[in-house]
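Here are some notes for a first look at this structure. Open it up and follow along point by point.

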Amino acid sequence: MEHTYFFAVDLGATSGRTILGCLGEGKMELKELTRFPNHIIETGGHCYWDIYALYNEIIKGLKVVAKDNLPIQSIGIDTWGVDFVLVGKDGELLRNPYCYRDPHTIGAPEEYFTHIPRERVYDITGIQIMNFNSLFQLSTLHRNHCSALEAADKILFMPDALSYMLTGKMVTEYTIASTSQMLNPRTKCFEKELLDVADIKKEQFGRFVFPGEPIGVLTEEVQKITGLGAIPVIAVAGHDTGSAVAAVPAQNEKFAYLSSGTWSLMGIEVKDAIINKESFEQNFTNEGGVEGTTRFLKNICGMWLLERCRKEWEATNNYSYTELIDAALAVPAFRSVINPDAPCFANPSSMIQAIGHYCKKTNQPVPQSYGEITRCIFDSLALRYKQVFGYLQQMAPFPIEKLHIIGGGSRNNLLNQFTCNAVGVPVIAGPSEGTAIGNIMLQAKANGLVNDIAAMRQLISTSIETVSFEPQQAEEWEEAYKKYLAHYREDI
């Protein structure tokens, strides 16, 4: 069978990669071409992304393709959600985009709800209320008379902005737009009532496209810079979680997924959005998936906790993950537990101090050693997963038989086993490269190599290795969960 090559750009909140995907003989293989950091730039009281640096890294990856004479069929880009770029009438980017961690949206939802009630916003969108959602970013910019927004002709979400820089074509990809809290999942259109508060018009967004649709081809400028020809750029699931969920190697629909990385996202794949009193009270979200599906999920603060602690420890010792896991196993379990989604962990100056503050406030021992802190994080994440998994079980239209863990966190066998123990159902870990795999498989679908998501998942399951876990220590974890609920706080 002839081999077919695809180029995937996978951008996360801390790093990015360009990846070559190869399909042939009924299997798929990946090769990382380049890897690079994605830095938050802090200046003038704001946090920005450097979109020009990201564009330049994509160009570097494409130059590798040209240098190695790799016959790629297309290019696909996925990124994190909610953030966007403002474009002027002349087609120029007006400034680097704000990062979703920028403090300017603190309190923004409450201000917005003075115009449209919280319940109404959720009923329209089915999206989890989070202060950094695009809706609240835009309403804050409007309220603050942002000069860039006032001059903006178009608003492009991050993957759409990068595809524009490559092709000169402006589009709005469905899955990334669905993270904005401006889209109605029933109509799959932006909702004028919500946009009006920020004085935004539907016409300010690009042509709507869905995963698998073509965007355009590389501009003559990019062709000249890279040495490539008129390679098509395909709209994959532009939201990285959308691409990752498309790569879940499930055999049927009765599964939940946990996309484990800086953020953890736990949810199910359904045909229709779930918007009701319970989903509103538990703050679940309905985001766009492939082939018209909805990703019903909840955002959970994931490995961000440990990543920030590791950064603090770097000053004295750059601990490896193996060292941290060994140290976590050497200390008592459930000594201290936290709510990973408490406000104090959103972006503290010191994550170690924030964990200590939470434990002190809840009358628990304050973790001191790196082993105790790591164990506190792992125990707490697994227990938080149990809590959210329980909500999913109550709202899912089918019994959940398995939990699939995908993303970089799927390589953490200790946390995977803890999670399995906590949720009480079998866990399948892998692929760790779920986002890139989903990106590439959606390009393959656009090129006619697979017919649908079922065929995609079948090919993925034959191409990757997974690790299975069975629940253990049920009574111990139930007791730990009682302790977790006793110390669970949302106001610290």
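1. With a relative accessible area of 6%, Ser-410 is buried, because anything under 20% counts as buried. Keep in mind that this is a predicted model.

2. The side chain of Ser-410 has a polar atom 2.7 Å from the backbone oxygen of Gly-407.

3. Which residues does Ser-410 touch, if you skip those up to four places away in sequence? The list is Ser-260, Ile-405, Asn-416, Ala-429, Gly-430, Pro-431 and Ser-432.

4. Now for the wider region. An unreviewed UniProt entry annotates residues 256-446 as "domain: Carbohydrate kinase FGGY C-terminal". Over that stretch the chain is 45% helix and 17% strand, and its end C-alpha atoms lie 26 Å apart.

5. Next, the nonpolar cores. As background, nonpolar side chains in soluble globular proteins tend to be buried together. In this model the largest nonpolar core holds 67 residues. The ones with the most contacts inside it are Met-266, Ile-268, Phe-345, Ile-355, Ile-377, Phe-378 and Leu-403. Helix H15 (residues 370-395) supplies the largest share of this core, with 13 residues.

6. Leaving out neighbours within four places in sequence, its contacts include Tyr-257, Leu-258, Phe-296, Leu-297 and Ile-300. Also among the contacts of Met-266 are Tyr-385, Val-388, Phe-389, Leu-392 and Leu-403. One of its other partners is Lys-298.

7. There is another core, apart from the largest one, made of 45 residues. Among them you'll find Leu-20, Tyr-55, Ile-58 and Leu-156.

8. Finally, have a look at strand E1 (residues 4-11). Is E1 mostly covered or mostly uncovered? Mostly covered: seven of its eight residues are buried.

9. With strand E2 (residues 15-24), E1 pairs in the antiparallel sense over eight bridges, and Tyr-5 has Cys-22 as its bridge partner in E2. Three residues lie between E1 and E2 in the hairpin they form. With strand E6 (residues 72-78), E1 runs parallel and is joined by five bridges. There, Val-9 has Ile-77 as its bridge partner.

Notes
Residues are numbered from 1 along each chain as its sequence is written. This is a predicted model: local features need pLDDT of at least 70, side-chain atom pairs count only at pLDDT 80 or more; totals for chains, interfaces and linings use all residues. Side-chain values use heavy atoms; hydrogens and water are left out. Buried means under 20% relative accessible area, exposed over 50%, partly exposed in between (1.4 Å probe, protein chains only). A polar contact is a pair of N or O atoms within 3.5 Å; within protein, one must be able to donate a hydrogen and the other to accept it, and residues adjacent in sequence count only if both atoms are side-chain atoms. Contact means heavy atoms within 4.5 Å. UniProt positions are given in the numbering used here, feature names are shortened, and annotations may be inferred rather than shown by experiment. Helices (H or I, at least four residues) and strands (E, at least two) are DSSP runs, numbered from the N terminus. Two strands pair if DSSP finds at least two bridges between them. A nonpolar core is a set of buried Ala, Val, Leu, Ile, Met, Phe, Trp, Tyr and Cys residues joined through side-chain atoms within 4.5 Å.
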